[in-house]
Amino acid sequence: MDTLRVGIIGCGQICRVRHAPEYSENPRCQIAGFYDVDPARAQAMAKQYGGKAFDSVEALLDADIDAVSVCSANTDHRRSAIMAMERGKHVLCEKPLAVSAQDCEDMLMVSRRTGMRLLVGHNQRMTPAHREAKRLISEDAIGKILTFHTTFGHGGPEGWTGQPNPWFFHKSSAVLGVAADLGIHKIDLYNYLTGDVITQASAFLATLDKKTPGGTPIQVDDNAMFILRTAGGALGAAHASWTFYGSEDNSTVLYGTQGVMKLYTDPVYSLIIEYRDGRVERYATDRITTNAEQKAGKRRNTGVINEFVDAVLEGRPSCLDVEEIIHAMRVVFAAIRSADEERTIPIRQDL
């Protein structure tokens with residue numbers, strides 16, 4: 001196979017600003033079609049990028065395609081991804097992978113049984129600063145990591161989607177709130193950077209400010225605070241928020257025995273190491289794209305689509321494979337349980 005023929009399920013904002021344009025820029029793939037619950041959105045995407053607008057997921061999957069992106073609402077991820085894999089299609093699924101722990105495990109099992117690839121769109125694994133940080137950590141740049149703090153917060157999905165009452169706010173379509181929308185990125189990032197898995201989670205989840213246009217609180221959490229312990233003994237805190245009404249914060253700080261590593265804390269230097277002996281190294285590798293910039297059309301290629309296409313065509317493992325990502329989902333579900341039961345929850349480790 002020299003060219004990957006792909007279909008896209010769901011034509012909302014993530015399709016419009018990431019998946020469709022990034023597929024169109026990749027010379028190794030061809031967009032064959034789109035499906036959306038709103039036919040007009042699928043037709044608009046087909047007109048812009050080529051391919052056909054299909055009237056059902058089944059019709060898209062029966063077409064001459066090799067793979068799909070699942071960009072639909074959270075509640076549809078399991079159904080569409082499993083249906084695609086059962087029909088012999090590789091899958092790139094947007095995060096969160098699914099809305100329950102069992103759904104995630106089911107998707108993993110179907111991928112293994114069918115031999116179809118299942119990758120998850122964790123774009124933070126692909127940024128230049130995070131990749132360089134992973135290399136430096138593997139070389140023991142800051143010694144043993146003792147503690148960490150990581151944050152992902154912005155003004156909320158209404159700014160991202162341009163809709164005052166987006167599907168993210170509703171249990172019926174999202175099920176999960178900011179803990180799974182933004183928190184999943186930062187929990188997964190620690191595992192990616194260090195290879196040290198999280199073994200225990202405690203959390204507080206709350207709806208502190210977000211309201212529907214009618215004035216009632218939204219149905220899911222808009223803030224999540226996690227306290228985490230890892231297999232290597234590190235302690236960490238993660239904050240995910242839809243109520244950062246100033247600039248977006250997408251930062252991570254790792255505190256080691258030989259220094260401190262700061263990621264995306266500075267507007268110029270995306271990676272800074274402050275060594276124990278007083279030396280400071282600064283790396284201007286890139287600047288992470290904010291949701292506001294993407295909405296405004298100031299887009300940078302995330303690398304996710306390129307990684308998916310190359311991994312499938314070359315038959316090689318990927319850092320986005322479901323086996324790499326599923327642990328972070330287990331942590332999120334443990335954190336949600338912790339908030340409900342007001343106790344620390346251990347994390348399942350097996351694959």
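Guide: On a 1 Å grid over the protein atoms alone, a cavity is a set of points where a 1.4 Å probe fits but cannot get out. The model here is predicted.

Visitor: How many cavities of 30 Å³ or more does the structure hold?

Guide: Rolling a probe the size of a water molecule over the atoms shows where empty space is left. At a threshold of 30 Å³ or more, the cavity count for this predicted model is 2.

Visitor: Which element gives the largest share of the lining of the largest cavity?

Guide: This cavity holds about 50 Å³ of space. Its lining includes Arg-18, His-19 and Glu-22, along with Glu-94, Asn-123 and Ile-305. Two elements give two or more residues each: α1 (13–25) and α10 (304–314). The largest share, 3 residues, comes from α1.

Visitor: How many charged residues are in the lining of the largest cavity?

Guide: Asp, Glu, Lys and Arg count as charged. Arg-18, Glu-22 and Glu-94 are among the lining residues. Beside 2 nonpolar and 4 polar residues, the number of charged ones is 3.

Visitor: Which element gives the largest share of the lining of the second largest cavity?

Guide: The volume here is about 30 Å³. β7, α8 and β11 each give two or more residues to this lining. By class, the lining has 5 nonpolar, 2 polar and 1 charged residues. The largest share, 4 residues, comes from α8.

Visitor: Which strands stand at the edges of the open sheet?

Guide: The sheet has 9 strands in the order β14-β13-β12-β11-β7-β10-β9-β8-β15, with mixed pairing. Each edge strand has a single partner, so one side of it is left without a neighbour in the sheet. The edge strands are β14 (280–283) and β15 (345–346).

Visitor: What is the bridge partner of Thr-147 in β10?

Guide: Strands β7 (residues 145–153) and β10 (residues 235–241) run parallel, joined by 7 bridges. In β10, Thr-147 is partnered by Leu-235.

Visitor: What angle does helix α8 make with β7?

Guide: Helix α8 (residues 178–194) packs on the sheet. Among the strands it touches are β8 (198–206), β9 (223–230) and β10. Its direction and that of β7 make an angle of about 150 degrees.

Visitor: At what angle to β8 does helix α11 run?

Guide: Helix α11 covers residues 322–341. It lies across β8, β9 and β15. Its angle to β8 is about 50 degrees.

Visitor: How many Å apart in space are Ala-284 and Leu-271, C-alpha to C-alpha?

Guide: Ala-284 and Leu-271 are 13 residues apart in sequence. In space, C-alpha to C-alpha, the separation is 6.8 Å.

Methods: Residues are numbered from 1 along each chain as its sequence is written. This is a predicted model: local features need pLDDT of at least 70, side-chain atom pairs count only at pLDDT 80 or more; totals for chains, interfaces and linings use all residues. Side-chain values use heavy atoms; hydrogens and water are left out. Two strands pair if DSSP finds at least two bridges between them. Contact means heavy atoms within 4.5 Å. Axes are lines fitted to C-alpha atoms, for helices over the stretch in contact, and angles run from 0 to 180 degrees between N-to-C directions. On a 1 Å grid over the protein atoms alone, a cavity is a set of points where a 1.4 Å probe fits but cannot get out, and a pocket is an open set with protein on both sides within 12 Å along at least five of seven lines; lining residues have an atom within 4 Å of a point. Grid points are joined across faces, edges and corners, and a volume is the space filled by probe spheres set on the points.
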